[in-house]
Amino acid sequence: MSGASPTPVLRLRGVRKSYGDTVVTEVLHGIDLDIAAGAMTALVGPSGSGKSTLLNLLGLLDRPTAGSIQLQGRETTDLDDAALTELRGRSLGFVFQFHHLLPAFTARENVLLPLHARRGRLDRALWDRAGALLGRMGLRGEIDRLASQLSGGQQQRVAIARALLHDPGLVLADEPTGNLDTVTGREVFDLMRDLNRERGTAFLVVTHDPGLAALCERTIELVDGRVHL
Ligand SMILES: Nc1ncnc2c1ncn2[C@@H]1O[C@H](COP(=O)(O)OP(=O)(O)OP(=O)(O)O)[C@@H](O)[C@H]1O
């Protein structure tokens, strides 16, 4: 057996992030972190510790002030905006606290939205894939219903299906259960856990709920812009 460990889905080295021009405030102070491919990881930390800032960097939505971010073995900090957008669309999925569905569109149309962001072509296979993903989310009967007619938990399931449309290696979820009641939140979390196991999709989930963090294989704690080991 070779001792070589598989390439992590994300590898950060010395990642720093500062805000401001005249008065510069450093929020992340040199983060070293590996997220294993296929892992379910919780990101926790007090308010203001830098979780959202870190998630924006991991999602290639913002750039670090210094350091290296590798996604599936590919250095990202030297890419231009167009290449970052392309890589983001291909490799990452996003789930937010608020589902950001378009209320006047059906569940299936909402799942297909990332296609428009990538200026891709809709074909029969993707149409079917969106339906199959919604079926897996327990929403077979809701495929053609308007998003505005769905419950909060159903809407968040649609958002998870949308994040999986292009079969990303990593889904970044920012308090995905924060807007749901405890029982519905646990159901949505369990669904993400099942999808992680079935498909090998890595999930990084920001949560304030220690009970949910305990269900993950690993918890990363951020304190004052540093990973607390
Ligand atoms: N665009 C910005 N410009 C200046 N400062 C910012 C900016 N974004 C975040 N900060 C600061 O960075 C620090 C970390 O904020 P961040 O939102 O990342 O924390 P958080 O851990 O996600 O907090 P919460 O749990 O409350 O969402 C805070 O002090 C915040 O004021």
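**Ground rules.** I number residues from 1 along each chain as its sequence is written. Because the model is predicted, I take local features only at pLDDT of at least 70 and side-chain atom pairs only at pLDDT 80 or more, while totals for chains, interfaces and linings use all residues.

**Ligand shell.** I looked up what surrounds the ligand and found Tyr19, Val27, Gly45, Ser47, Gly48, Ser49, Gly50, Lys51, Ser52 and Thr53. I call a residue near if its C-beta atom, placed from the backbone, lies within 6 Å. I sorted the shell into two nonpolar, seven polar and one charged; Ala, Val, Leu, Ile, Met, Phe, Trp, Tyr, Cys and Pro count as nonpolar, Asp, Glu, Lys and Arg as charged, and the others, Gly among them, as polar. Helix α1 (51-58) gives the most to this shell, with three residues. My helices (H or I, at least four residues) and strands (E, at least two) are DSSP runs, numbered from the N terminus.

Next I checked β1 (10-19) and β2 (25-35), which run antiparallel and are joined by eight bridges. I count two strands as paired if DSSP finds at least two bridges between them. Arginine 16 has histidine 29 in β2 as its bridge partner. Five residues lie between these strands, and glycine 20 takes a positive phi near 100° in this hairpin.

**Open sheet.** Then I traced six strands in the order β6-β7-β8-β3-β9-β10, with mixed pairing. At the edges I found β6 (92-95) and β10 (226-228), each pairing on one side only. Strand β9 (218-223) pairs with β10 in the antiparallel sense over three bridges, and glutamate 221 has histidine 228 in β10 as its bridge partner.
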